[in-house]
Amino acid sequence: MKAEDADPGKSRRRLLRTAVAGTLGAAGLTAAGATSPARAAERVSAGAPAGARLSVAVLLYDGFTALDAIGPYEVLCRVPGVRVTMVARQAGPIRTDTGELEIVAERSLCDVHQADVLLVPGGGERGTTAMMKDREVHAWIRRIHRHTVWTTSVCTGSLILGSAGLLRGLPATTYWASRPYLKELGAVYTPGRFVETGKIITAAGVSAGIDMGLHLAARLADEKVAQAMQLAVEYDPDPPYDTGSPEKADAELEQLALKLLADSAR
């Protein structure tokens, strides 16, 4: 047995490389990830030099929801030529909304002055509410937004973008229970797993961040890479229940869903 066969991690990475290369061809994968005309144009519009890696900055904060950040991360971190960085007010471990999981932010806000893509995840009530009031973070978001190719959010992250003044008069989506707040922030609620308006993309609740991540993968590279990444992470939803939106659930389930979220918050 080869040494790498005894290492599940190495075997899995080799399997993924083989699967993607088989779909695109090794040369095709490099070309798709680095030289597509759309992506080159985006680099120019972002002010990045040709050949530079595209940067994705994910804003973390105390009380964010893990999958809001990690869903898109799992897709985008493997797109050729893309670098995803977790950013927070201070570098270091940041606790999620349940209080039972920490994700490390590599860089602090003061260290990040530009990004090709900004992604703002949503969070529990405590975390989202705090970020909606945080003027320092809003100022940082606006500075980064001025130079982004795409400014994005997942779930209640759109409320943070709205609080920073980026969604006035624009179609946007958010978590189903937070739809009324979009109007208060000047946005126009629009149904959809994700809503794209100009360079702003907002995704609906939690798992919708994966859908948006795949859409971004196509925009940052091309559709072949996005399709390959969907296969790589085996994103093929077939849930055992059909209650994934309030339009498919009754009032009792809505109340239970919100109670489960509230009871798990720390």
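**View 1. Val206 in the loop between β11 and α9.**
At 25% relative accessibility, Val206 counts as partly exposed, a class that lies between buried (under 20% relative accessible area) and exposed (over 50%), computed with a 1.4 Å probe on protein chains only. Phi of Val206 is near 40°, a positive value in a residue other than glycine. Most residues other than glycine have a negative phi. Helices (H or I, at least four residues) and strands (E, at least two) are DSSP runs, numbered from the N terminus. The model is predicted, so local features need pLDDT of at least 70 and side-chain atom pairs count only at pLDDT 80 or more, while totals for chains, interfaces and linings use all residues. Residues are numbered from 1 along each chain as its sequence is written, and side-chain values use heavy atoms, with hydrogens and water left out.

**View 2. Glu234 in the loop between α10 and α11.**
Glu234 is not a glycine, yet has a positive phi of about 50°. With 67% relative accessibility, Glu234 counts as exposed.

**View 3. The protein chain as a whole.**
The protein chain contains 11 helices and 11 strands. Of its 266 residues, 43% count as buried. Contact means heavy atoms within 4.5 Å. Among contacts between residues at least 6 apart in sequence, 64% join residues at least 24 apart.

**View 4. The open sheet of seven strands.**
The strand order is β5-β2-β1-β6-β7-β11-β10, and the pairing is mixed. Two strands pair if DSSP finds at least two bridges between them. β5 (107–108) and β10 (194–197) stand at the edges with a single partner strand each, so one side of each has no neighbour in the sheet.

**View 5. Strand β2 and its partners β1 and β5.**
β2 covers residues 82–88 and pairs with β5 in the parallel sense over two bridges. Ala88 stands opposite Ser108 of β5, and the bridge partner of Val87 in that strand is Arg107. β1 and β2 also pair in the parallel sense, over six bridges, with Ala57 opposite Thr85 in β2. From β1 the chain crosses through α4 to β2, and this β-α-β crossover is right-handed: with the strands pointing away from the viewer, the path from the first strand over the helix to the second runs clockwise. Six of the seven residues of β2 are buried.

**View 6. Helices α4 and α9 on the sheet.**
Helix α4 (residues 66–76) lies across β1 (54–59), β2, β6 (117–120) and β7 (150–154), and runs at about 160° to β2. Helix α9 touches β1, β2, β6, β7, β10 and β11 (200–203), and its direction makes about 165° with that of β7. Axes are lines fitted to C-alpha atoms, for helices over the stretch in contact, and angles run from 0 to 180 degrees between N-to-C directions.

**View 7. The largest nonpolar core, with 63 residues.**
Val58, Leu59, Leu60, Trp140 and Ile141 touch the most other members of this core. A nonpolar core is a set of buried Ala, Val, Leu, Ile, Met, Phe, Trp, Tyr and Cys residues joined through side-chain atoms within 4.5 Å. Not counting residues up to four places away in sequence, Ile141 touches Leu59, Leu118, Val120, Ile160, Leu161, Ala164 and Leu166.

In α5 (residues 125–132), Gly127, Thr128 and Met131 are buried. The buried residues of α5 pack against α6 (135–145) and α7 (157–163).

**View 8. Leu253 in helix α11 and Ala265 in the segment after α11.**
Leu253 is partly exposed, at 38% relative accessibility. Leu253 and Thr243 are 10 residues apart in sequence and 8.5 Å apart in space, C-alpha to C-alpha. Ala265 lies beyond the end of α11 (251–264) and is partly exposed, at 40% relative accessibility. Ala265 and Gly123 are 142 residues apart in sequence, and their C-alpha atoms are 9.8 Å apart in space.
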